[in-house]
Amino acid sequence: KKKFFFFCRMIRFFIVINTRGMTRLSKFYVPQTEEQKLQVKQQVQDIVTKNVEKKGTNITPYGTGRLLFRRYQQLFFCACIDEEDNELACFEAIHLYVTVLNSYFNPVTEQDIMFNFHKCYIILDEVLLAGEVMETSRAVIMQQIARMDA
């Protein structure tokens, strides 16, 4: 018997790259070596830039899963999910992360991510934990971050 969940059950990795293809943030939820991580980042960069150039889809097959990405300002937020996961739920998780970043940095820029990467990782951990969506309320996440800043 198959259970259906609204949100993604497993995000394999989460990567933020800029429009020039430079990685600004990356978090892997499955064990990989440093060489494999570098290879994944390069492949994601290639896929995103090729799809943007030819105005392709934001969902593409990647290994045994699917790569989803969404552009906000000059940044691409990318996530790889399992084949059976809900793409729209993953896009919603990406949007929630960006919304929380915008609330915290008012609005978020590439420089905010570069110079406050530790805060960006903390916020990402509030949204996603071990590759699964942990919290869906922006208000609750902002309260947790405010407690940590106090």
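Predicted model: local features only at pLDDT ≥ 70, side-chain atom pairs only at ≥ 80, totals over all residues.
Two packed helices are described by the angle between their axes and the distance between the axes.

**Helix α2 with helix α4**

- Start with α2, which covers residues 87-105, and α4, which covers residues 117-127; their axes lie 10 Å apart at an angle of about 135 degrees.
- The crossing of α2 past α4 is right-handed.
- On the α2 side, the contact is made by A93, L96, Y97, V100, L101, Y104 and F105, while α4 brings K119, C120, I123, L124 and V127.
- Sorted by class, the residues of this contact are eleven nonpolar and one charged, with no polar ones.

**Helix α4 with helix α5**

- Next comes α5, residues 138-149, which packs with α4 at an angle of about 140 degrees, the axes being 10 Å apart.
- That angle makes α4 oblique to α5.
- Here too you can look at the handedness: α4 and α5 form a right-handed crossing.
- To find the contact in the viewer, pick K119, I122, I123, E126 and V127 in α4, and I141, Q144, I145, M148 and D149 in α5.
- The residues of this contact divide into six nonpolar, one polar and three charged.

**Helix α2 with helix α5**

- The pair α2 and α5 has an angle of about 45 degrees, with the axes 10 Å apart.
- Their arrangement is therefore oblique.
- The crossing of α2 and α5 is right-handed.
- From α2, the residues in this contact are L96, T99, V100, S103 and Y104; from α5, they are R138, I141, M142, I145 and D149.
- Six nonpolar, two polar and two charged residues make up the contact of α2 with α5.

**S26, in a strand**

- You will find S26 in strand β2, which runs over residues 23-28.
- S26 counts as buried because its relative accessibility is 17%, and the cut-off for buried is under 20%.
- Its side chain makes a polar contact of 3.4 Å with the side chain of K41.
- Setting aside residues up to four places away in sequence, S26 touches F14, I15, K41 and Y121.

**R66, in another stretch of strand**

- R66 sits in strand β4, residues 65-72.
- With a relative accessibility of 12%, R66 counts as buried.
- The side chains of R66 and E87 are joined by a polar contact of 3.0 Å.
- Beyond its neighbours within four places in sequence, R66 is in contact with several residues, including I59, T60, P61, C80, D82, E84 and E87.

**E53, out in the open**

- E53 belongs to helix α1, which spans residues 34-53.
- Its relative accessible area is 67%, so E53 is exposed, the cut-off for exposed being over 50%.

Technical notes:
Residues numbered from 1 in each chain as written. Heavy atoms only, no water. Axes fitted to C-alpha atoms, helices over the stretch in contact; angles between N-to-C directions. Helix = DSSP H or I, 4+ residues; strand = E, 2+ residues; numbered from the N terminus. Left-handed = near helix turned anticlockwise from the far one by under 90°. Contact = heavy atoms within 4.5 Å. Nonpolar A, V, L, I, M, F, W, Y, C, P; charged D, E, K, R; others polar. Buried < 20%, exposed > 50% of the residue type's maximum accessible area, 1.4 Å probe, protein only. Polar contact = N/O pair within 3.5 Å; in protein donor to acceptor, adjacent residues only side chain to side chain. Parallel < 35°, antiparallel > 145°, perpendicular 65-115°, else oblique.
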